[in-house]
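Let's take a walk through this one together. Have the sequence and the 3D view open, and follow along as we go.

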Amino acid sequence: MTSDFAVLKDRSVLALFAARSTSLLGNAIAPIALAFTVLHLPGGSPTMLGVVLAARLLSQVTFVLLGGAIADRLPKLRVMVGADLAAGLTQGLAAVLVITGHATPWMLAGFAALAGAATALFEPASRSAMPLLVSGGDLQSANSLLKLSMRGGGILGAALGGVLVSTIGAGNTMVVPAATFTLSALLLLGVKVAHQPPPSDAPTLIRQIREGWQEFTAKQWVWVMVSQLAYVNVLLAGSFYVLGPVMADRSLGGAGAWSVVLIAQALGFIVGSVVAIKIRPRRPVRAAALLTMGFPLSVLLMAAEAPLAAIAVATFLAGIVIDVYEVLLDTALQKNVPPHALSRVMSYESLGSFALVPLGMAGAGPVADAVGVQTALYGAAALITLAGPAVLLLRSVRTVTDVPESEAGHEAGAEAAEKSKA
């Protein structure tokens, strides 16, 4: 266990962990403060809140490919610092308008769109930064510990957000994310990586995005796994996050019961990050593909109207599986995608995985109305479960090893040379 935590001796790794956790803390607080701010403004309503939240998501999806291209073009840490400062400034200006009484819901929608763009710039760079600091067997440990610190920041932010809104008000609470984003930028200044000179013949951003697509599709297992995740996320978003509260209200006792389920999920995420430190499958992509079969455990039990305790346990186990899956897939991408294209491939992974999630959320209600909530839950659970065995029909998914492809080729060549000498 000590060797698994050895990466924490590196001050740059610690600074990156602290920055990501702090940023996630702000990201978790911001939507809570924003929601109650919008609802209490003149002209605020649930519909307007939906517009504000959709503006952020749409902006993030729109600019994520650009974010990947910029992160592969410029030093990743500088991109992350700039994005954090932009997010802090955007959040701070919105907070000032709210506190001084000059904010309108449409203004906040505009600021939410700017915040989404800042996130789109930050995420591809942050997800491809770890290989600059650690490599080899330490990379998965570092990714697991980073995921653990991020989960902790997100959970603490969600809890802190509710407390702050209740005590100091939604407007004042909006100042806190502005401070956390700024602090995250300052912490990132403590991350030291080798200087990466920009290419002398750097192509245009549009061409870089096109070349990123070529890298994304060059390895079959990469786009297949992202397609699988897109399919799974659409079904899981609609079944768990939309129909789950419906079942909680109908048969589990209401909002309190749903809170128990979400807490169990959060705890599962944390434990999953710890478990991922130790799990080192020789074929990580194959293992990740099969792990998706555990994603719908809670959906299946909700459909069966199981007791709350059983659903909470299932959600906890699903949370573990999801986090292990994310660490394995991220590490496989970091090891097998060329460093110069990693941010762009990560941006395509983000876009492919989550762009269709709103469709799953929007379609869950009509499907449930047509076939019944329980039937819709059973159907979603079955379709998600089938996704794992389906992608394993492809040899490219089954055969990716824990050794990077470049190193595997080198080892194979060396072994062949030894045999020829013999």
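**Helices and how they cross**

Just past helix α3 sits Gly101, which takes a positive phi of about 80°.

What you are looking at is a predicted model. The mean pLDDT of the chain is 82, with 90% of its residues at 70 or more. One stretch to treat with care is residues 408-422, where pLDDT stays under 50 and the model has 2 contacts beyond four places in sequence.

Now find helix α9, residues 220-252.

Start with helix α14, residues 342-354: its axis comes within 7 Å of the axis of α9, and the two cross at roughly 30°. An angle under 35 degrees counts as roughly parallel, so α9 and α14 are roughly parallel to each other. The crossing is right-handed. On the α9 side, the contact is made by Val222, Val226, Leu229, Ala230 and Asn233, while α14 brings Val345, Tyr348, Glu349, Gly352, Ser353 and Phe354. Sorted by class, the residues of this contact are 7 nonpolar, 3 polar and 1 charged.

Next comes helix α16, residues 373-391, whose axis comes within 10 Å of that of α9. Which way do α9 and α16 run, roughly parallel or roughly antiparallel? Their axes cross at roughly 155°, and angles over 145 degrees count as roughly antiparallel, so α9 and α16 are roughly antiparallel to each other. This crossing is left-handed. The residues of α9 that make the contact include Val224, Tyr231, Leu235, Leu243 and Arg250, and among those of α16 are Val373, Leu377, Ala380, Ile384 and Val391. By class, the contact of α9 with α16 has 16 nonpolar, 4 polar and 1 charged residues.

To find the contact, look for Trp221, Met225 and Gln228 on α9, and for Val285, Ala288 and Ala289 on α11. The residues here divide into 5 nonpolar, 1 polar and no charged.

Terms used
Residues numbered from 1 in each chain as written. Predicted model: local features only at pLDDT ≥ 70, side-chain atom pairs only at ≥ 80, totals over all residues. Heavy atoms only, no water. Helix = DSSP H or I, 4+ residues; strand = E, 2+ residues; numbered from the N terminus. pLDDT = per-residue confidence, 0-100. Contact = heavy atoms within 4.5 Å. Axes fitted to C-alpha atoms, helices over the stretch in contact; angles between N-to-C directions. Parallel < 35°, antiparallel > 145°, perpendicular 65-115°, else oblique. Left-handed = near helix turned anticlockwise from the far one by under 90°. Nonpolar A, V, L, I, M, F, W, Y, C, P; charged D, E, K, R; others polar.
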